[in-house]
Amino acid sequence: MATLQNSPSLHRTLVLNSFTKLHKQSTFHCCRRSNSFLVRAEQTPASSTCSPSQDRSGRRQALAVGTIASWVFLTNQHSVSFAAENKKGFLPVTDKTDGYEFVYPFGWQEVTVEGQDKVFKDVIEPLEIVSVNVFPTVKQDIKEFGPPEQVAETLIKKVLAPPTQKTKLIEAVEHEIDGKTYYTFEFVAKAPNYTRHALSTISIGNGKFFTLTTGANERRWGKMKDKLHTVVDSFKIFKV
């Protein structure tokens with residue numbers, strides 16, 4: 001899971017120790033993969049020569065098809081524009097192996113962090129980051145770990161922040177996407193020289209426990225909170 005400290009080894013120790021208590025069979029695994037995309041173009045064969053009668057019939061069909069095609073084009077153009085507007089300023093991530101997807105702000109770079117499945121971060125602001133962790137579980141639903149507040153408090157204090165930081169849970173809520181339960185919570189963690197304001201969402205699917213955590217320095221929370229909420233709200237698990 002995403003942690004608020006910079007030591008990968010300490011982070012890994014916290015994760016392992018904490019989830020040994022939460023889940024008696026937790027063997028932490030991490031893997032990083034890059035996704036490739038394939039775009040295919042299909043070519044329509046040229047039409048054959050027609051007789052005069054066939055040509056007149058063909059023209060009527062062409063007019064009808066042209067009318068329908070224009071309507072479909074305008075409809076699709078509106079839909080595509082709307083989708084692009086909703087995701088403007090974000091880039092998608094889809095992991096087809098573990099079965100999850102989310103978006104992150106344009107300009108963030110992927111980095112490798114030991115013990116974390118995927119990490120994207122701002123190149124200037126070190127606390128502006130999103131990370132995903134995945135590990136096996138025999139649980140079928142996040143509710144089996146307890147109510148949102150209880151699970152959030154445990155994760156924040158034992159995993160998402162080092163014990164030297166003072167943490168505060170602001171809100172924890174439960175919601176469903178396509179029949180699957182997610183817990184989403186907001187918290188702050190205070191270090192001697194900075195305060196991190198963070199959002200996390202957790203769920204279970206495909207025999208795995210998923211966490212996505214993102215956040216920013218408290219001084220930039222007002223500017224970043226809408227983007228970070230978009231990142232958390234975009235997280236979704238799908239069957240693989």
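Me: What is a nonpolar core, and how many residues has the largest one here?
Reply: In soluble globular proteins, nonpolar side chains tend to be buried together. A nonpolar core is a set of buried Ala, Val, Leu, Ile, Met, Phe, Trp, Tyr and Cys residues joined through side-chain atoms within 4.5 Å, where buried means under 20% relative accessible area, exposed over 50%, and partly exposed in between (1.4 Å probe, protein chains only). In this predicted model, local features need pLDDT of at least 70 and side-chain atom pairs count only at pLDDT 80 or more, while totals for chains, interfaces and linings use all residues. Residues are numbered from 1 along each chain as its sequence is written, and side-chain values use heavy atoms, with hydrogens and water left out. The largest nonpolar core has 23 residues, and those with the most contacts inside it are Phe102, Val130, Leu212 and Phe235.

Me: Where is the other core, and which residues belong to it?
Reply: Another core, of 18 residues, lies apart from the largest one, and its members include Phe145, Leu155, Ile156 and Ile202.

Me: What is a salt bridge, and how many does a search of the whole structure find?
Reply: A salt bridge is a side-chain nitrogen of Lys or Arg within 4 Å of a carboxyl oxygen of Asp or Glu, and the search finds 8. One of them joins the side chains of Lys208 and Asp98 (3.9 Å, N to O).

Me: Is Asp98 buried or exposed?
Reply: Asp98 is buried, since its relative accessible area is 6%, whereas Lys208, at 22% relative accessibility, counts as partly exposed.
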